[in-house]
Structures are given as structure tokens and as C-alpha cells.
Amino acid sequence: MRIIYGILFFFYLCQNVYSQNYFQQDVKYTINVTLNDKKHLLTGSEDIYYKNNSTTTLNELYFHLYPNAYKNNSTTLAKELFNTGDNIFLESENKDLGYIDSLEFKVNGVPAEWNLLQDTIDICRIKLPKPLQPGDSIHITTPFKVKIPNHRLSRLGHNAQAYFITQWFPKPAVFDKNGWNYFSYLDKGEYYSEFGSFDVTITLPENYVVAATGELVNGESEIVWLENKAKETMAMSDFPKELDIPTSSETMKTLRYKQDSIHDFAWFADKRWHVLKGEVELPISKRKVTTWSFFTNAEAEMWRKAPEYISNGIRYMSNWVGEYPYSTCTVVDVTYASGSGMEYPMVATIGSYGDPFELDVTIVHEVIHNWFYGIIGSNERKHPWMDEGICNFYETRYIYTEYASDKSKQLNNVYSYGRFKKLLNLEKINHKDIQYQRYLAGARRHTSVSPDDYAQNFSRANYGGAVYYKTTISTDYLKEYLGDSLFDRCMKRFYENWKFKHPDPVDMKNEFEIESGQKLDWYFNDLIRSDKYIDYSICSIKKENGNAKLTLSNKGEIAGPLWISKMKDGSIKSTEKIDGFSGTKKIEMAFEDGSSYKIDANKEIPELDRKNNTIKSSGLFKKTEKLNLQFLSALEDPDRTQLFYIPVIGYNVYNSFMGGIAFHNVSFHEKPFEFAVMPMYATKTQDLAGGADFRYHFYLKNSAIKKITIQETIGHYAYADDEYVNGTTGETYSNTLKFTKADTRFIFTFKNPHPQKKITKEFEIRNVLVNRDIAYFYDYKPQTVLFNYVKAEYRRINSNALDASSQKIAAEYDVDHFKANLEFKQFFCYGKENKGVHTRFFLGYLHLNEQNVNPDVDYRYILSGTPGNRDYLYDDIFIGRTEETGLFSRQFIRNDAGFTTPTLFYRKASEWMVGLNASTTLPGFIPFRLYVNIGTFNDSDLPAGTVETSGVSWELGVELPLVKEVLTVYFPFAYSNDIQYINEQQGLNFGDLIRFELHLQKLNPLNYIRTTLR
């Protein structure tokens, strides 16, 4: 006992020493601002008293000028949105943009030298006329004007004459133990500001309803006006549908708001708002908090219960964490503004959600932010989980507590899967399950990152998967381990010691460990502050002396606590709690024949793989679950051995119609081993066709290569109908030629150093074996010939719709040839979605061996791309691979020089070829694109008088993308003399020149699951 007290006393001393070193600056704001709602302009002035509570002498201050984030296409915000494929800035006109100007900083009445930082215009540095000593204060003043941007850009904005005024005034950056914390405005990342007091005066037309941070001072008449509007709202039996904005009053009003112990100030104004006023009594002090709800007609009926939702959030959080310290709490309806669902001290914005339960949960989530963001002012840009992650945890806890008796409310409406929900058995997935699944989506592919990373380092998917969902399920795991009561005591201690301060993860960890008396590295260091994962398994079971002796293994990287349960008929009979361990561990539990033993039967641990958590007490296959055959695909079920099936049909000219079933194990999360087997019966050849695909993934950590995939693809189809007539006897010989292909690939996927950009970098080595029939005329039977190709390719692909590009370098070899080529593609966006210029550059080199072992294969580059009979690697699907006439003969792959006009057996290169392609979209909704192609190659320098008489070939045409990336039709209408010569020689008319690309492999449902549903 003395040892325990000694340890706790040591922690207490460490905490006191640390607290003595803690400091935070003090800021007092006085702001006066006037809204011009005709010009969407704020004109104001700012007085700041800034006290230096640090031990450092300050020679300069840094200020955030966040409205400048909206100024042009070069700001950090604009670049962030562009990198994620959002073209809002490109589409915006000058009138939609915003900025802050008219700044004249003075320090203690003396004009101060200041400048914008070189790499960003939304941060400035103010050089102090004299150093600010520790303990001293200065008075800073400046006028300012803010051009309010369009509401679609980000959180600050206006929608006609509805105003969302956030991050709008010059705001000093935080100076803390780490030095200055200044950073540009981001749409994904949030804020970090100094605590202090605000005294804000707002002048605007008097018929605006205003919601703001703080308490209204000397505003009795305004409060009476709001209360009367609330009575009117309560008396309304229904609400009109129109959202028209009334004309502004010519009379102005001035409102003054004051508040201490906050770190930001936001306000909102709308002339259409209905008003509801409520009140909630705090559970311990019994103090009353006034609640306000301001909303438009958009979803007015749902908003009738908004006061109840606000009260619920305040009541639950006051019980779980600590009492709400302010006198009011407000939520406002901003319909479809960009800043919907966003928190500010004492006030939050809520968008349109279309569902009462979603409105309830969103309001509660934003109210919760008053604790984690508002009161506990962590650095959200550096530690985003301490804000969004913890709030999401409490939102989930609210759902499972408030709606404990209504299981339907615990189900998660998985919007992103749309009509596939029922098909994929997603209709009954609950909130905790979907959060685990969304975390698992990145964790399985080892692309998830630490929730404690900087906000700007996350991709959009990882921001949700790590910051929100991994934090939520990990914190729920911690709560389950500590128990509700102890967990709440830990959080309350953290709240009481750090409210109105700037804690970091170490501070939170200290408070939890002191209160619980336990080391919690597995949560704070491993789950939250790293990308490590948990994976326990049961290896074996033996019966000894009436007990089950279990061998457990930690296959993961975290030694977190775990639970082992004895199961019978699907129910938990008993559970033992085990401290975390590394390596293996043996435990004993009571044995019962016919039972099973399961790790984490209640699914509280965020494990990487739950399929190795169960073992049976008897039977031959103790670790194998019952087979579950299921249509299409589904979420992984750890209690079943899943095999999915999909009916498949196919067609080509030679096999005719084919039908069969594909069996596979491809689901929402990537497995180390994935397979798909697709046998089909061909009606014309009356035999089996089809293919199979096997993939094994190896994941690497702390390496430039993040994944290695070994893939084996097998295919067997007919590719030609061969017919030969004996000139002597007149006898006809017919054969169907077939091919079998085995494609072995080693794919090295590189780590993306810029996760917010949609970039994939891979290096691939292939060995392709093609065993195909070749017509042999001596005995009129086809002969089988084996071709062996080796190919290597490096590719870098940017899938950002606004900046799509790819760079590929490839080399290919077999006994007859060596090829090397490079291809560059770049899309230049006009600003509108899917509008712009597509460009491509191709350069190819070819060496043909003098001794041609397989003379029936033509390896030369082709000016006009690859038709089916020249796809010697059999990489693409052709309906009529070797057809020379008819519709299916028009199918081709637009590669090599990228021309679309068929040049047949002309215009081929045996040494080198260069091609340049460009196509542009047309204005409005016209679906066609104009294209131009230019090419040249080594045979083009032949003497005049030959067929190829032009050094450079060109063509113009129109392309029609009918199905994106699947079906495109090309109509060439002008071309160079050499192509005109070919057309005349072959008697080709305009209709003969129309060709199409058809990429049927992109319709493979397994590829859809891998690329879209994942």
C-alpha cells in the first residue's frame, strides 16, 4: 500500500511541477463592426490588450488574417480544396471571393511595422516598436474591412443576405511552450486561439435576427423582440415553404456582446429566422442556461425539437465531463452553407439534414464541442483528435444512452452505399460497427495514420477514419476497460484542471493516469499517437484437469487489455479480463464440451482481424467457422467463413454467349489473400471459358514501399474463327482458335508523401505467358504456340479530377523484340467540373531481332492504336478480337501515337514513334470533345513516291464519351495527305473511319468493390 501511495504522490509532484511551468497569454478584445449588406462588407476597428505571461521577451507578434484565405486561387485554402478535387475556387468569380484589408496596426499608439508572410497572405508578422517583457502588456489597435465571400467557399460567407461571420477579425496566434503557433486557414483543419475576453459591438439593419457568441449587454429590447418571435414561432401550426429573404430595414440597430474565458467570437445574421427559446437546469449547481434556436423554413418542422436537443447535449456533457460554464447556448440553421455543422464558443451552425434524428445528433455533436474545442482549448491543427475525435466519442455515447431502448436509432444510415445497402446487408449496421469498419478500411491496407498527426497531413478519408472513428472506438475501448465511473472521473479531472487552458495529449494522459492509478500507454501512445494496430488471436486449446488451456498470441503491435469469453449457443457464459501482453500467453478457463472461447466477444477492441479470435472446444476444425455463401459481397463476418458469388454473363463473337458464376472473397476491406474464380460455359464452342484472379498483399511499415502485391491472373477464351478451303478438293476446314493466358505480376506500391493529394505510385514487373492456337495449313489443324513476355512499368497517377495526370515508363521484352516507351497525360481544367483540355505525349522505341521466331506477331508501333488482332498480350477485352469487317472490327485501344483513323497495315514504326494528342471539352452541356493528333516515326522519312509520303501525320476529329472511362466513340473528319492516301487506296468512306474504345474490364463488379465501395 505504501508503494501505491508513493507512486501516486510522485505523480502528484510531477503534476505540480509541470503546472508551475505552464503559462498562457491573456488577450482582451474590443471590436466594433458594421455590416453593409448591399456590398457584403464589414467595416470595423479592433482594440486588443495583450499580456505576455511567458518567461520570454517578445519582439514580434503573429496575427491570423483568415479572411485573406478567400482572396484568390493561390491561397493555402484554395490549394487545399484544389488538391482534393474541389473546383469551387476555380468556378468562383471575383465577386464571390473575400479578403481583409485597411489594416493599420498601432502598438501603444505608435504605428507598427508589419508584413504578410512570404508563403501565405492570411498570416502577418507585427514588429513591436519595443520588446514586450515577461509580465508586461501592450495595447494594439487597427481598423479593418472584410469583403465577405460567397458561402460556398468555406465557413466565412454570405448566402445573399444571410451572413455567417466566422474567423473574421485580426486574431493573434497562440504563443505557448512550443513557441508561436500560426498556420494558414484550412477547410479541413481547424483552429487554436488564445483565451481572453471579448467585447463586440455589431451594427446592422434592425430586422436581422442575430446569433452570437457571448451575452447580450443592455439588449433588453432585443431580447423582448426575440421572445416575441419565439411566441410567434410556438403558435405556428405549420411553416411556409418559401425561403425568400425580406428587404433590409433602412433603420440600423447596434448590439453589444461580452464574454470572458473564450478564445473566439462568431456571429450570424438572417432576416428569415424563426426563433425558439429554451432553458436547461444544470445537474449539480442547478444553474439555468438559456438556449436559443434560430431556423429558416427549410426544415422548420424538425427544428421544433431543437431546444430539447440542445438541452440534452448540455445535460449529458455536464454529467459526464463537467458543468457548462456559460449562460447561453445557441444553434442556428444555415441551410446549405459550407460551414454547416460547425462549432464556435456558445454558438453552432447546423445545415440541412432531411432527417429528425440526424438533426438531433448533429446539434448534440456541435453542443459537445463547447467542451472539446470551446472550454478545453487544445491545438486542433496539431492534435485534431482531442477535438473532433473526443466529440464524436461523446456523440456516439449520447446515441447509445438517450436511445438505449430504441435499437433502430442505434443503426447507422449508410448514405454512401445508396441502393446497395440492402443488397450488401448494410441496413442493420449500427454506429459503433460503421465506425470500426471505416477505421478498418484504412487499417487493413495500412494506409491509416495516427489520429494525432497534423490536420494538413490527412487525406479526406484518413481524417474521418483516424481522427473521428479510430479515436471514437479507441476511447470507447478505454471506457470499457476502466468502467464508466472511473472513466468519467478521469475525464472530469482533466476538465477541471484544464478548462480555459491549452492542454496537449501528455496533459490528458497525466490526468487519466493519476486518477486511474494505471499506466495507459496502450491508449495514449499506441492507439492515439501512432499508426500501430491491435491483433490478438487464439492459437490452440487443450483440455487439462477439467479446464481449457488456451494459448493466446499477440500478432499486433499494441499490448492493450483484452477479454476472453466462454461461449455457448452464441451467448456469453463467462468472461475474464486479461492485461495486455506481447508474444504468447497461456490461460486457463473452465472447460465445457461443445462450447467455444472468444476474444472480445462484445467487440470493444479495435482489432485488425477478428476472424482469429475464436476457437471451439471440440471438433476437427476448431478454428474454422461455418460456411456462409452470399450474393455479391458483404461486410466481413468474423463468425462465418464467407464465400461470395455473382452470376456472370459474357459474350464474344467466337465463344458466343457465356454464362457462369464467379466465386470470390473480395469484400469491403482488403484481405492479405484475395481470390476470384469465374468459370463460364460457352454456348458456341460448348466448353468452359473464363478466368481466375489470385492476389497476395504484403504490407511494409516505415518504408518507402508500403505494399507489395503478388497477382496471378488466368484467362481462357476463343479469339478467332479460322476457315480454310482446299483449292484442290474444295473441302472446307473450320477451327475455333483459343488462347490461355497466365499473367504473373509483382506490384510495388509506394508511400504517398502528400496524402491530401490523390497520387498513386507503383512499379510493376510482369511475366505474361500466352499459349494460343495458330492456324497451320499443312494438316488443317491449329498448332499451339507458347509466347513468353516480360514487362516492367513505373507509373505515377494523380486521380484529382481537376489536375488529373499520369506518367508511365515501360519496357517489354521477348525473344523477338525489345520495347521501351513513355507516356505523359495531363488535364488542364477550365474551372468548371469536367471542363478542360486533355493532353497526351507518347514516345516509343523498338528493337526487332533479325531472327523472327514467331513471325505471325507484329510488334511494331501503330499510328492508329491497337486493334484486337494486335493485342498480343491479351490485356483488353475485345468482342470481335480478329474481326476485319463489321461493327466489332471498329473496336480498338487508343495507344501508341493515339490516332483514331484506321491506318490498317500502313503507318507502323519498327524503331521509334512520337505522338502528341489533345482534346478539349465544349461549352455548356455539349457532350462532344474536339481532338487533334500529331505523330511521326522512323519510316516517315521514306523517299517521295512511297505510300508514306508525309514526315508528320495529323488528324482532327470529334469524340463522344458515352460511358465515362468505358465507351468512347471517335469521328475523324480531317487528316493529313498520307492518311487521305490510305483511305483512297482502301476505299474507306466516313462511316468506315468511325471507331470506338470499349473497356469492359472496368465494369467488373469486383473492381468496383475494390476501387469504389472501399
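Modeller: Happy to! A residue is called buried when its relative accessible area is under 20%. Keep in mind that this is a predicted model.

Colleague: Which residues of helix H2 are buried?

Modeller: In H2, which spans residues 76-83, the buried ones are Leu77, Ala78, Glu80, Leu81 and Asn83. They pack against helix H3 (88-91) and helix H12 (460-482). After H2 comes Gly85, with a positive phi near 90°.

Colleague: Why does Ile934 count as partly exposed?

Modeller: Buried means under 20% and exposed means over 50%, with partly exposed in between. Ile934 has 39% relative accessibility, so it counts as partly exposed. You will find Ile934 in strand S49.

Colleague: What makes up the nonpolar patch on the surface?

Modeller: Its members include Leu930, Val932, Ile934, Trp954 and Phe973, and the whole patch has about 750 Å² of accessible area. Strands S49 (929-937) and S50 (953-963) each supply at least two of its residues, and S49 gives the most, with three.

Colleague: How do you know that Asp387 has no salt bridge?

Modeller: A salt bridge needs a side-chain nitrogen of Lys or Arg within 4 Å of a carboxyl oxygen of Asp or Glu. For Asp387, which is buried, the nearest side chain of opposite charge is Arg155, 8.4 Å away, and there is no salt bridge.

Colleague: Which side chain does Asp387 join in a polar contact?

Modeller: That of His369, at 2.8 Å; the cut-off for a polar contact is 3.5 Å. Asp387 sits in the loop between helix H7 (356-368) and helix H8 (388-402).

Note on methods. Residues numbered from 1 in each chain as written. Predicted model: local features only at pLDDT ≥ 70, side-chain atom pairs only at ≥ 80, totals over all residues. Heavy atoms only, no water. Patch = residues over 30% accessible without salt bridge, like charges linked within 9 Å, V, L, I, M, F, W, Y side chains within 5 Å. Areas by Shrake-Rupley, 256 points an atom, 1.4 Å probe, with all protein chains shown as cover. Helix = DSSP H or I, 4+ residues; strand = E, 2+ residues; numbered from the N terminus. Buried < 20%, exposed > 50% of the residue type's maximum accessible area, 1.4 Å probe, protein only. Lys, Arg positive; Asp, Glu negative; His and termini not counted. Polar contact = N/O pair within 3.5 Å; in protein donor to acceptor, adjacent residues only side chain to side chain. Contact = heavy atoms within 4.5 Å.
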